[in-house]
Amino acid sequence: MRLLVIEDDPLIARSLEQALTPLGNTVDVFTHHAQAREALQSGQFDLVLLDLGLPDGNGLTLLAELRQRGDTTPVLILTARDGIDARVEGLDLGADDYLAKPFSLAELEARVRALLRRSQQRADNRLTFGPLAFDAASGVATLNETVLDLPRRELRLLESLLLHAGSITPRETLENRLFGFGDVGSNALEVYISRLRKRLDGSGLRIRTFRGMGYRLEEAAP
């Protein structure tokens with residue numbers, strides 16, 4: 001998943017990134033209102049973690065702008081424990097949940113998983129397609145119940161393809177989830193697709209290329 005963290009406290013921001021990245025997520029972090037606004041206008045995210053007290057503006061303004069343009073990306077508000085009015089206003093503006101500071105990382109991770117499940121209309125944390133599975137809670141992928149030891153970006157790719165299994169996943173979506181705002185080489189995605197194809201060899205599954213469109217995880221022809 002691609003997550004956007006908007007948090008001006010460097011210690012909290014770093015803790016969020018360190019907690020959420022190992023689970024197979026791409027985490028983009030911004031500390032200022034102006035930076036976050038540009039990111040939200042130019043990028044596609046699966047979840048936004050939003051601090052309200054930013055140095056150059058109010059996080060609620062970002063939330064209002066997001067909803068006004070019809071963007072339904074889940075938003076988890078991070079706010080001070082005594083900010084009841086701000087939490088109420090945030091929920092009324094379209095936030096999906098809030099978490100009061102200080103919070104435990106375990107609770108944060110659970111709330112993130114719950115919001116992602118809800119937005120994807122899933123009943124649990126597991127994504128499965130034939131013998132392939134990914135558990136968002138543990139960040140573990142398995143093939144025929146055997147754990148796949150995947151580097152982080154291959155894990156992100158596998159999760160993204162599983163989310164759209166049987167359908168074409170657009171190239172842009174995969175690049176956003178794998179690389180975030182980082183520089184992407186012209187064939188960087190193909191490198192990871194090739195590596196994952198080798199992992200799936202003989203499993204009865206394949207990753208099919210649709211030129212100019214994207215990739216589809218599907219059952220291999222007999």
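The model is predicted: local features need pLDDT of at least 70 and side-chain atom pairs count only at pLDDT 80 or more, while totals for chains, interfaces and linings use all residues. Residues are numbered from 1 along each chain as its sequence is written, and side-chain values use heavy atoms, with hydrogens and water left out. Helices (H or I, at least four residues) and strands (E, at least two) are DSSP runs, numbered from the N terminus.

**Strand S6**

- Strand S6 covers residues 75-80, and five of its six residues are buried; buried means under 20% relative accessible area, exposed over 50%, and partly exposed in between (1.4 Å probe, protein chains only).
- Two strands pair if DSSP finds at least two bridges between them.
- Strand S3 (residues 47-51) runs parallel to S6 and is joined to S6 by four bridges; within this pairing, Val48 has Val75 as its bridge partner.
- Strand S7 (residues 97-101) also pairs with S6 in the parallel sense, over five bridges, and here Leu76 stands opposite Asp97.

**Helix H7**

- Seven of the nine residues of H7 are buried, so this helix is largely enclosed by the rest of the structure.
- The buried residues are Thr173, Leu174, Glu175, Asn176, Arg177, Leu178 and Phe179.
- These residues pack against strands S1 (2-6), S2 (26-30), S12 (168-170) and S14, and against helices H6 and H8; contact means heavy atoms within 4.5 Å.
- Asn176 lies in H7 and has a relative accessible area of 15%, which means that Asn176 is buried.
- Not counting residues up to four places away in sequence, Asn176 touches Arg2, Thr26 and Gln44.
- Gly180 follows H7 and has a positive phi, near 60°.

**Helix H8**

- Helix H8 (residues 188-200) has 13 residues and should span 18 Å at 1.5 Å a residue, which agrees with the 19 Å between its end C-alpha atoms; the expected span is 1.5 Å times one less than the number of residues.
- Ala188, Leu189, Tyr192, Ile193, Leu196 and Leu200 are buried in H8.
- Seen down the axis of H8, these buried residues fall within an arc of 130°, so they line one face of the helix; the arc is that of the directions from the helix axis to the C-beta atoms.
- An α-helix has 3.6 residues a turn, so residues three or four places apart point the same way.
- The cover over the buried residues of H8 includes strands S9 (132-135), S10 (140-143), S13 (205-210) and S14 (214-219), together with helices H6 (152-163) and H7 (171-179).
- Gly202, which follows H8, has a positive phi, near 85°.
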